Amino acid sequence: MTELSTECNTKLRVAGLIEESIVDGPGFRFTIFTQGCPHNCEGCHNPQTHDFKAGKLMEIDDIFDKIKQNPILSGATFSGGEPFCQPKELFLLGQKIKSIGQNIFCYTGFTYEELIELGQKNSSVLDLLGIVDVLVDGKFEKDKKDLTLLYKGSSNQRVIKLNKGKIEKIYNNDVTEISI
C-alpha cells in the first residue's frame, strides 16, 4: 500500500544527502534521498530507504540553505525512497530551488500516468510534478537491468522532459545527453 502523505510539514524525512553528485542527472547536482518507499523493487539500489519510519527529519530550509550556498550546482535531484510519498514537502523545497534558477530532476517508481491518477486524490502530487524538469519514471525491474543506460537502471524506465507537469519529450534508451 502506498503511504502518500497528505499533511504538510516544514520537515522532510530523508535517508541522506549528496551535496555534489555528477551521476544523478546532468551537471553538478544536490541529491536528496527521501526516506520511505512502497515499491520494494527486487534488486533496488537503495533498499535502506524503504522503511517509512527510518531516516531522519530535516528542516526544508536547512536543506535549501545547503543548496544555495554552493555556486557550482545546476540543480537538485529528488531520489529515494519514493519522492512522491512526500509531495507537499518536496514541492515547498522545489519552489525554493526554482526561485534561485536551478532545475529539478526526479526519480520515481510510479509511472507518469500513475502520478496523474494519484494527483486526482492528492493535488500535491500534481504540484510537485509541475515543478519537475525531468522525471525518471517506473519501477526498477531486475530482469531489465542495463548499466549502459543514462540516468536509469532498467530499460522499462523512462526519462521524461516535463514542462509545467506535461510531457514535452520522452527519451529513448539510447539517450546520451539531456539538456534542461
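Is Lys66 buried, partly exposed or exposed? Lys66 is partly exposed, with a relative accessible area of 32% (buried means under 20%, exposed over 50%, and partly exposed in between, with a 1.4 Å probe and protein chains only). This is a predicted model, in which local features need pLDDT of at least 70 and side-chain atom pairs count only at pLDDT 80 or more, while totals for chains, interfaces and linings use all residues. Residues are numbered from 1 along each chain as its sequence is written, and side-chain values use heavy atoms, with hydrogens and water left out.

**Salt bridges**

- The count comes to ten salt bridges, each being a side-chain nitrogen of Lys or Arg within 4 Å of a carboxyl oxygen of Asp or Glu.
- Glu19 pairs with Lys66 in a salt bridge, with the closest N and O atoms 3.7 Å apart.
- Glu19 lies in strand 1 and Lys66 in helix 1 (residues 60–68), so this pair ties together parts 47 residues apart in sequence (helices, H or I of at least four residues, and strands, E of at least two, are DSSP runs numbered from the N terminus).
- Glu19 is itself partly exposed, at 41% relative accessibility.

**The pair Asp137 and Arg158**

- Asp137 forms a salt bridge with Arg158, and their closest N and O atoms are 2.6 Å apart.
- The two partners are 21 residues apart, with Asp137 in strand 6 and Arg158 in strand 7.
- Asp137 counts as buried at 1% relative accessibility, whereas Arg158 counts as partly exposed at 22%.
- Salt bridges that share partners join Glu113, Asp137 and Arg158 into one network.
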